[in-house]
Each structure stands twice: as structure tokens, then as C-alpha cells.
Amino acid sequence: MTGHHALLVTGGCGFIGSNFVRYWLKQHPESKVVVYDKLTYAGRKENLHDVWGSPGLSLVVGDIGDRDLVRRTCQDHAIDLIVNFAAETHVDQSILGPLVFTDTNVRGTHVLLEVARELGIRLHHISTDEVYGHIRDGHQSVETDELAPRSPYAASKAAADQLVQAYAITYGLSVTITRGANNVGPYQYPEKAVPLFSTNALLGEPLPVYGDGQQMRDYAHVEDHCTGIEAVLLKGKAGEVYNVGTGHEMTNLEMVDIVLETLGQDHRLVRHVADRPGHDRRYSMNVDKLRALGWTPKYDPRQAVAEAARWYADNRWWWEPIRRGAFREYYQKQYGERLEAARP
Ligand code: NAD
Ligand code: DAU
């Protein structure tokens, strides 16, 4: 990929999408970026508060399932690359209400593929390590492993991933896929573990750890995910899949320790609560294929979690209004009984 580009960044007002848009505009100021976002509870205009008004950046509010609007937006802005971040993304929400995950993650991605096929546009799809399912000790997922998703979220992402690959095989559409590990960093909605635990610690509220807390995750800094996606956009091979993570996991209890230590908070805030149904015990990916493109992560997982926790300490303006709003209803539904039952 060379020259000037016009990108449609779907889900650009979400956590990773907004970090990507900010990063891309800085690195490629000659590019045009159209953020296409439905602005769900997780999509927030303020995630890009510091870059609105930049030359070349615009916003279209819409659903990726709206074929006419997607097509018109691509035509009006002469889009030559779609980067698809748009998704319902929280496993616990997918357990509470799974259908919207199929609507957006499967059908929405399918609509983007159809428009890309119709207009001859390259599409890069953001997938996840969750498509590989639970990973046994001693193994690291490689891109050719079979997909074995276990939650409604992961299953919807696996379906999308396979539709993208089917379009490359059947229609010769130019596509690439990245499968990311657990990202942490600025502007992550506080339903996810690291921002939830950080903001709870800052509020002096209990940290609800599911089960024994020995589940393993590769907590990767969002900035490294953005540079990984950039490497694939610039140097990746059409039709290929690339894992993006640090290649190192830690247990959730180790992650909690880093959060508490970073924020100077006490261990007594930890509560072991009823586990997530079907909770995947371990994710772990081999990232050699991406490294072979010359990419290397800047943060190890310990630094990534500590940096993220510090961001929430320094940016109460961002999360306090969220925590005071509709989030409270979700929190009560998800944690009310669990925390009550785990009272010391
Ligand atoms: P997020 O929930 O913070 O943001 C999702 C964004 O998509 C929001 O801006 C939302 O408004 C938008 N959106 C949702 N439905 C839409 C629709 N129908 N049409 C248009 N926009 C819609 O999610 P995130 O954590 O930034 O994740 C971004 C992508 O990365 C997702 O595809 C996710 O599966 C993937 N991913 C996330 C992680 C992670 O750790 N967060 C790791 C690997 C992969
Ligand atoms: O692995 C990539 C995936 O990472 C992405 O595809 C998803 O979009 C993203 O949400 C994330 O999924 P997880 O389910 O792994 O992340 P979450 O932050 O929800 O949870 C991280 C770990 O912490 C997991 O083992 C569950 C646990 N957890 C989570 C919450 C919200 C708790 O113990 N307590 C909690 O309250």
C-alpha cells in the first residue's frame, strides 16, 4: 500500500478505533479518514476530542448493516480502504443479550464485504484471539489453527472472520485480517476488566474477579495493536491473517496486582465472584508472522496494564460521567447479586 488514501474506519469512535484514528492521522497526515460509527454506548465522540477538526477527518453516524449508507459514504468520499473495527465487543454483554452480536458482527461485516466487492475496495478486518477458543497449556495459537469459539461474542467474530476469508477465495477480494489479544489503554469503556478494576480501585469499590482469577490473558497495549494493524496495511499480503499481541500472558490476579500497586490501593478490595459462564481459561498467540513484517511491540504486558491504570487515574473527566450514567444499570445487573454473595 503506497500513496494517498481515503480510509473508512468503522467503529472509529470506540476504544481501539479511536486510538487507531489518532495514530493514523499523526503518521499519515496526507490520508483522508472517514469515521463511520453507530455511536452505541461504547462509541463516544469524545474519544476523539483532541483530533476533531483535523484536516481530512470526518464523521458519518450510521450502522454498518445499512448497505445504502455504507455504499453512498464510500462513493462520496472515494474510499479505497475499509478498516472494520465496528462490533459489539463485550463477552458478558453477549451472554446477557446475544442477538445484536450476530446483527452487527456477522451481518454488518457481511454488508461491508458486499459493498467492498461492488466497489472494488480493499477491506481490513479486525478479529480477535477469542476465535481460537480456550488454548491448552504449552500451545500458542498460530494463524492456521482451526477456529473454536466458545462464547456468543467469539462465535460471531469467528463467523465474520470466515466470511472475510470466503470473499477472498470466492471473489478474489483484497482482504487482510488481524487477530488481536486483550487490549488495554486510553478510552476503553469501563465494562472491560482493566478499566473496570482501575476505576473501581479509584472509587474505593470492590474489584469483582471471576472465579479463581487464574485465567490467563495477553494484556497488550492498544498502541502496539495500532502499529501492528499499520504494518499489515502497509506490508501485509492480501488474503492473509496476522496475530497481534505480545506473545506473553499473565493471570487475571497478576493483572489485578499491577492495577492495585499502580494506583496505591489495597488488596482487600478484591472479591472473588461467580464465574462467567463458559469462561475461556487461557488465550495465547504466537506473533512471529507479524514480527516478520518488521513489527515489534513497544510495551510488555506489565507496562501495558500499569500505563492503562495510570491513564484512568489521570483522566477522571472521561470515565466519571460514564460511570454515573446508564452504566450503573448494567453494573447492577452484572455484579449486584455476585458482589452481594461474595460479601466478606
Ligand atoms: P468498542 O466496544 O470500544 O467499540 C466498538 C465501536 O463500534 C463503537 O464505537 C460502536 O459505536 C461501534 N459500533 C457498534 N456497532 C456498530 C454498528 N452496527 N455500526 C457501526 N458502528 C458500530 O470495541 P473495541 O474494544 O474498540 O474493539 C474494536 C474491534 O477490535 C472489535 O471488532 C473487536 O472485536 C476487536 N478486538 C477488540 C479487542 C479488545 O481487547 N478490546 C481485542 C481484539 C479484537
Ligand atoms: O482477547 C481479546 C478480547 O479481549 C476481545 O476480543 C474482546 O472484545 C475484549 O472484550 C476482551 O475479552 P475478554 O473477555 O478477555 O476481556 P474482559 O476485559 O471482559 O475480561 C478480561 C479477563 O478478566 C477475563 O478473563 C474475564 C475477567 N474478568 C472480567 C470482568 C469484566 C473478571 O474477572 N471480572 C470482570 O468483572
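This is a predicted model: local features need pLDDT of at least 70, side-chain atom pairs count only at pLDDT 80 or more; totals for chains, interfaces and linings use all residues.
Leaving aside neighbours within four places in sequence, Val-111 is in contact with Ile-64, Gly-65, Asp-66 and Arg-67. Contact here means heavy atoms within 4.5 Å. Val-111 is found in helix H4, residues 99-119. Helices (H or I, at least four residues) and strands (E, at least two) are DSSP runs, numbered from the N terminus. Val-111 counts as buried at 8% relative accessibility. Buried means under 20% relative accessible area, exposed over 50%, and partly exposed in between, with a 1.4 Å probe and protein chains only.

Residues are numbered from 1 along each chain as its sequence is written, chains are lettered from A and ligands numbered from 1 in the order in which they are written, and side-chain values use heavy atoms, with hydrogens and water left out.

**Annotated span**

An unreviewed UniProt entry places the feature "domain: NAD(P)-binding" at residues 8-307. UniProt positions are given in the numbering used here, feature names are shortened, and annotations may be inferred rather than shown by experiment. The span is 39% helix and 18% strand. Its end C-alpha atoms lie 29 Å apart.

**Ligand 1**

Around ligand 1 there are 28 residues. The closest are Ile-16, Asp-37, Thr-89, Tyr-153 and Lys-157. A residue is near a molecule if one of its heavy atoms lies within 4 Å of it. Helix H1 (15-27), S5, helix H5 (152-171) and strand S7 (182-184) each supply at least two residues of this shell. S5 gives the most, with 3 residues.

**Ligand 2**

The shell of ligand 2 holds 27 residues. Asp-129, Tyr-153, Asn-182, Arg-276 and Tyr-335 come nearest.

**Polar contacts to both ligands**

A polar contact is a pair of N or O atoms within 3.5 Å; within protein, one must be able to donate a hydrogen and the other to accept it, and residues adjacent in sequence count only if both atoms are side-chain atoms. The table lists polar pairs between protein and ligand.

| Residue | Protein atom | Ligand atom | Distance |
|---|---|---|---|
| Lys-38 | backbone N or O | nitrogen, ligand 1 | 3.1 Å |
| Ile-64 | backbone N or O | nitrogen, ligand 1 | 2.9 Å |
| Thr-89 | polar side-chain atom | oxygen, ligand 1 | 2.7 Å |
| Tyr-153 | polar side-chain atom | oxygen, ligand 2 | 2.6 Å |
| Asn-182 | polar side-chain atom | oxygen, ligand 2 | 2.6 Å |
| Pro-208 | backbone N or O | nitrogen, ligand 2 | 2.8 Å |

Taken alone, ligand 1 exposes 840 Å², and the protein buries 97% of that. For ligand 2 the exposed area taken alone is 680 Å², of which the protein buries 95%. Accessible areas come from the Shrake-Rupley method with a 1.4 Å probe; for residues, only the protein chains shown count as cover. Helix H3 (91-96), H6 and S8 give two or more residues each to the shell around ligand 2.

**Nonpolar cores**

A nonpolar core is a set of buried Ala, Val, Leu, Ile, Met, Phe, Trp, Tyr and Cys residues joined through side-chain atoms within 4.5 Å. In soluble globular proteins, nonpolar side chains tend to be buried together. The largest core here has 38 residues, and Phe-197, Met-255 and Val-256 touch the most other members. Elements giving it two or more residues include helix H6 (193-203), strand S8 (207-210), helix H8 (252-262) and helix H10 (301-314). H10 gives the most, with 7 residues. Beyond four places in sequence, Phe-197 touches Leu-207, Pro-208, Val-209, Met-255, Val-256 and Val-259. Apart from this core lies another, of 25 residues, among them Ala-6, Leu-8, Val-34 and Ala-86.

Ser-127 is found in strand S5, residues 122-128. Ser-127 is buried, at 4% relative accessible area. Beyond four places in sequence, Ser-127 is in contact with Lys-157, Asp-161, Ile-177, Thr-178, Arg-179 and Gly-180.

Leu-39 is not a glycine, yet has a positive phi of about 55 degrees. Leu-39 is found in the loop between strand S2 (32-37) and strand S3 (57-61). At 28% relative accessibility, Leu-39 is partly exposed. Ala-78 also has a positive phi, near 50 degrees. Ala-78 lies in the loop between helix H2 (67-76) and strand S4 (81-84). At 56% relative accessibility, Ala-78 counts as exposed.
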